[in-house]
Amino acid sequence: LGEGTFGKGLIQTIVPLEDGSGVIITNAQYRTPARNNINKVGISPNGPIPEGVPGVLPAGKKFCEAVSPDSLEALRTYPAPAPTPENLDNL
């Protein structure tokens, strides 16, 4: 359960140059276990967090705005779609 990611899949470093400018170098990429590049694509969860789940997600709030130790414990016990080989292959 969750929300889709933004798709920021590159790790970059700014290397300063002598003239005060800099160059951005991509030095790594985030990939899924199936080696799919997530840059500009993101990752979709197996299922969304339903809006207004008591103790997990108040109505009208995004998950990242509502995270607390209590909501995380409630989320651990909330039923989620079971992973299947098809779901895992699509990661």
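This is a short tour of one predicted protein chain, from its overall layout down to single residues.

Some ground rules. The model is predicted, so local features need pLDDT of at least 70, side-chain atom pairs count only at pLDDT 80 or more, and totals for chains, interfaces and linings use all residues. Residues are numbered from 1 along each chain as its sequence is written, and side-chain values use heavy atoms, with hydrogens and water left out.

Let's start with confidence. pLDDT is the predictor's confidence in each residue, on a scale from 0 to 100. The chain's mean pLDDT is 74. Of its residues, 49% reach 70 or more. Which element has the highest mean pLDDT, and which the lowest? Strand β2 is highest, at 93. Helix α3, residues 85-89, is lowest, at 59.

Now the layout. The chain has three helices and two strands. Both kinds are DSSP runs, numbered from the N terminus: helices are H or I with at least four residues, strands are E with at least two. Along the sequence the pattern reads β-β-α-α-α.

How much of the chain is buried? The figure is 16% of the 91 residues. Buried here means under 20% relative accessible area, exposed means over 50%, and partly exposed is in between, with a 1.4 Å probe and protein chains only. The chain exposes about 6,900 Å². Carbon and sulfur atoms supply 57% of that area. Accessible areas come from the Shrake-Rupley method with a 1.4 Å probe, and for residues only the protein chains shown count as cover.

A contact means heavy atoms within 4.5 Å.

Next, the hairpin. Strand β1 covers residues 10-16. Strand β2 covers residues 22-29. In which sense do they pair? The sense is antiparallel, over seven bridges. Two strands count as paired if DSSP finds at least two bridges between them. Look across the pairing. I14 stands opposite I24 in β2. T13 stands opposite I25 in β2. Between the strands sit five residues, and in this hairpin G20 takes a positive phi near 95°.

Stay with I25 for a moment. I25 counts as partly exposed because its relative accessibility is 40%. I25 also belongs to a nonpolar surface patch with V15, L17 and V23. Together the four have about 280 Å² of accessible area. Patch residues have over 30% relative accessible area and no salt bridge; like charges are joined within 9 Å, nonpolar side chains (Val, Leu, Ile, Met, Phe, Trp, Tyr) within 5 Å. A salt bridge is a side-chain nitrogen of Lys or Arg within 4 Å of a carboxyl oxygen of Asp or Glu.

Further along β2 we reach Q29. Is Q29 buried or partly exposed? Q29 is partly exposed, because its relative accessible area is 37%. Setting aside neighbours within four places in sequence, Q29 contacts G9, L10 and N37. Q29 and I11 are 18 residues apart in sequence, yet 5.9 Å apart in space, C-alpha to C-alpha.

R35 is one of them. R35 has a positive phi of about 70°, although it is not a glycine. R35 counts as exposed because its relative accessibility is 62%.

N39 and G9 are 30 residues apart in sequence and 4.0 Å apart, C-alpha to C-alpha.

K40 is in the loop as well. Phi of K40 is positive, near 65°, and K40 is a residue other than glycine. K40 counts as exposed, because its relative accessibility is 76%.

Last stop: P45, also in the loop between β2 and α1. P45 is partly exposed, as its relative accessible area is 31%. P45 and T5 are 40 residues apart in sequence and 8.6 Å apart in space, C-alpha to C-alpha.
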